[in-house]
Amino acid sequence: MSKKVIKLKHLAMASADPDASRDFFVNVMGWSVAGVVASRNANGYYVTDGNVNLAILNFKNGPAAGKEFPQGYVGLHHIGFQCEDIEAMVGEFQENGYQPRHDVNLAQGLGKNPAKDNAEYKMNGPENIMVDISERGWVGTETYKTL
């Protein structure tokens with residue numbers, strides 16, 4: 001039996017200048033702005049091509065960014081996958097040796113909660129890449145589930 005493919009639907013980048021990064025994706029790549037991020041943890045934007053949501057984030061504090069990211073870091077921050085069953089997906093991660101990022105989940109107020117916009121639960125992935133998993137998906141993508 002083959003496994004169901006879990007699709008990449010989200011990327012996040014840490015940015016020193018979210019406005020300039022947004023302008024690049026809108027003006028050069030033809031993407032659209034799907035939302036504005038203005039939280040206690042970060043400022044920035046969600047941009048999308050309709051298939052993938054990209055968060056452009058200027059983090060306000062270290063715990064929300066994650067301990068592996070030094071103050072002032074810019075570049076790829078995490079990747080996100082949309083799944084049908086978040087509990088089962090967490091189980092798959094753990095069965096394969098990848099644990100929840102309790103530090104970041106706690107700092108960002110995340111949990112296995114589909115009502116939370118754009119991010120539900122963060123896990124460790126290969127090479128210590130942070131991974132978002134979500135049942136709801138990400139704003140601006142064709143698979144985003146509104147409540």
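**Figure 1. Charged side chains across the predicted chain.** The chain carries 14 positive and 17 negative side chains, and the centres of these two sets lie 3 Å apart. Lys and Arg count as positive and Asp and Glu as negative, with His and the chain ends not counted, and each charge is placed at NZ of Lys, CZ of Arg, CG of Asp or CD of Glu. This is a predicted model, in which local features need pLDDT of at least 70 and side-chain atom pairs count only at pLDDT 80 or more, whereas totals for chains, interfaces and linings use all residues. Residues are numbered from 1 along each chain as its sequence is written, and side-chain values use heavy atoms, with hydrogens and water left out.

**Figure 2. Fold and overall dimensions of the chain.** The chain has 4 helices and 7 strands, which follow one another from the N terminus as β-α-β-β-β-α-β-α-α-β-β; helices (H or I, at least four residues) and strands (E, at least two) are DSSP runs, numbered from the N terminus. Taken along the principal axes, the C-alpha atoms fill a box of roughly 45 × 30 × 30 Å. Of the 147 residues, 46% count as buried, where buried means under 20% relative accessible area, exposed over 50%, and partly exposed in between (1.4 Å probe, protein chains only).

**Figure 3. The ring cluster of Phe 24, Phe 25 and Trp 31.** Ring pairs link Phe 24, Phe 25 and Trp 31 into a cluster; rings of Phe, Tyr and Trp (its six-membered ring) pair if their centres lie within 6.5 Å, and planes under 30 degrees apart count as stacked, over 60 as edge-to-face and the rest as tilted. By this rule the count comes to 3 aromatic pairs. Among them, Phe 24 and Phe 25 form an edge-to-face pair, 5.0 Å centre to centre with 85° between the planes. Phe 25 also forms a tilted pair with Trp 31, at 5.3 Å centre to centre and 50° between the planes. Phe 24 is partly exposed at a relative accessible area of 38%, whereas Phe 25 is buried at 16%, and Trp 31 is buried as well.

Figure 4. Most residues other than glycine have a negative phi. Glu 127, however, has a positive phi near 60°, and Asn 128 has a positive phi of about 60° although it is not a glycine. Glu 127 is exposed at 74% relative accessibility, and Asn 128 is exposed with a relative accessible area of 58%.
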